[in-house]
Amino acid sequence: MQGITKALRFHGRQLRLTVLQHMNKGIFSWATLISRIQSESPTVIIPHVGLENITVREILNAKGEAEAGAVYWCSTSHLVHEAVKHMTVHNVGALVVLKSGDEKQLAGIVTERDFARKILLPGRPSEETRVGDIMTEEDKIITVSSNTNILRAMELMTDRHIRHVPVFDEKVVGMITIGDVVRTIVDQQHQEVKQLKKYIRGDYY
C-alpha cells in the first residue's frame with residue numbers, strides 16, 4: 001500500500017500544480033473549472049487501473065458511446081459566427097478546424113479565446129470573418145495520440161497553458177480538455193483512497 005500512498009502524494013501535487021498554473025495564467029477561475037468538469041462529466045467512470053495505465057483512449061471512451069470518437073469541427077471557410085453557434089449547440093469550448101474541401105486534413109483549432117481576443121475585443125464582424133483568419137494554425141497546435149498517457153497529456157497542457165488538445169491518429173479522432181484530464185485524475189485518486197481505507201479497515205488479507 002506504500003505504492004498507493006506515494007502515487008497519491010505525487011499525483012496530488014501534480015494535479016494542484018496544473019490547476020494553479022492555469023488559474024495564474026487567467027485561464028481558469030474555480031467556478032469555471034467546476035462548471036467545465038460538471039458539464040463535461042462522462043457517463044462512464046474509468047475503473048481504477050492506476051494513472052500510469054490510463055491513456056487518452058480511455059478518456060474518449062469514458063465520454064459515452066454517443067460522444068466517444070466524435071469530433072466537433074468546422075472548416076477554414078466557415079464564418080466565425082457559424083463556428084460559435086456550433087460550439088454553443090454542443091456545449092464545447094473549441095472546434096477542430098479541417099481544411100476546406102478535405103475533411104481529413106487538420107488545419108488548426110479555434111477556441112472561445114480566439115473569438116474573444118480576435119473578434120470581440122477588436123470589434124471585427126463575426127458574420128464576415130472566416131475561421132481560417134482567427135484559428136491557431138496546424139504548425140502551432142499541440143496534438144496527442146490515443147495511446148498518449150494521461151499524465152503526459154496533463155504535462156503538455158500545463159507546460160503550454162492550453163485547455164484543448166486534438167487527438168490525432170493519422171486523422172483527428174477526438175478532442176480532450178483539461179477538464180477531462182483533471183476529472184479522470186480526481187476519479188482515480190478517489191478510487192485509490194477507497195482502496196486504502198479498505199486496507200486500513202482490514203478488508204484486504
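Which residue caps the N-terminal end of H6? Asn 149 does. The views below come from a predicted model.

**View 1. The N-terminal cap of helix H6.** A side-chain oxygen of Asn 149 lies 2.8 Å from the backbone nitrogen of Leu 151. The helix itself covers residues 150–160. After H6 comes His 161, with a positive phi near 55°.

**View 2. Buried residues of H6.** Seen here are Ile 150, Leu 151, Ala 153, Met 154, Leu 156, Met 157 and Thr 158, which are buried.

**View 3. The largest nonpolar core.** This core has 23 residues. Val 56, Val 144, Ile 150, Val 167, Ile 176, Val 181 and Ile 185 have the most contacts inside it. Two or more residues each come from helix H3 (56–62), H6, strand S5 (164–168), strand S6 (172–177) and helix H7 (178–201). H6 gives the largest share, six residues. Apart from this core lies another, of 14 residues, including Ala 107, Val 131, Ile 134 and Met 135.

**View 4. H6 packed against H7.** The two helices pack at an angle of about 135°, and their axes are 10 Å apart. H6 is therefore oblique to H7. The crossing of H6 past H7 is left-handed. From H6, the contact uses Ile 150, Leu 151, Met 154 and Met 157. From H7, Ile 178, Val 181, Thr 184 and Ile 185 take part.

Note on methods. Residues numbered from 1 in each chain as written. Predicted model: local features only at pLDDT ≥ 70, side-chain atom pairs only at ≥ 80, totals over all residues. Heavy atoms only, no water. Buried < 20%, exposed > 50% of the residue type's maximum accessible area, 1.4 Å probe, protein only. Helix = DSSP H or I, 4+ residues; strand = E, 2+ residues; numbered from the N terminus. Polar contact = N/O pair within 3.5 Å; in protein donor to acceptor, adjacent residues only side chain to side chain. Core = buried A, V, L, I, M, F, W, Y, C linked by side-chain atoms within 4.5 Å. Axes fitted to C-alpha atoms, helices over the stretch in contact; angles between N-to-C directions. Parallel < 35°, antiparallel > 145°, perpendicular 65-115°, else oblique. Left-handed = near helix turned anticlockwise from the far one by under 90°. Contact = heavy atoms within 4.5 Å.
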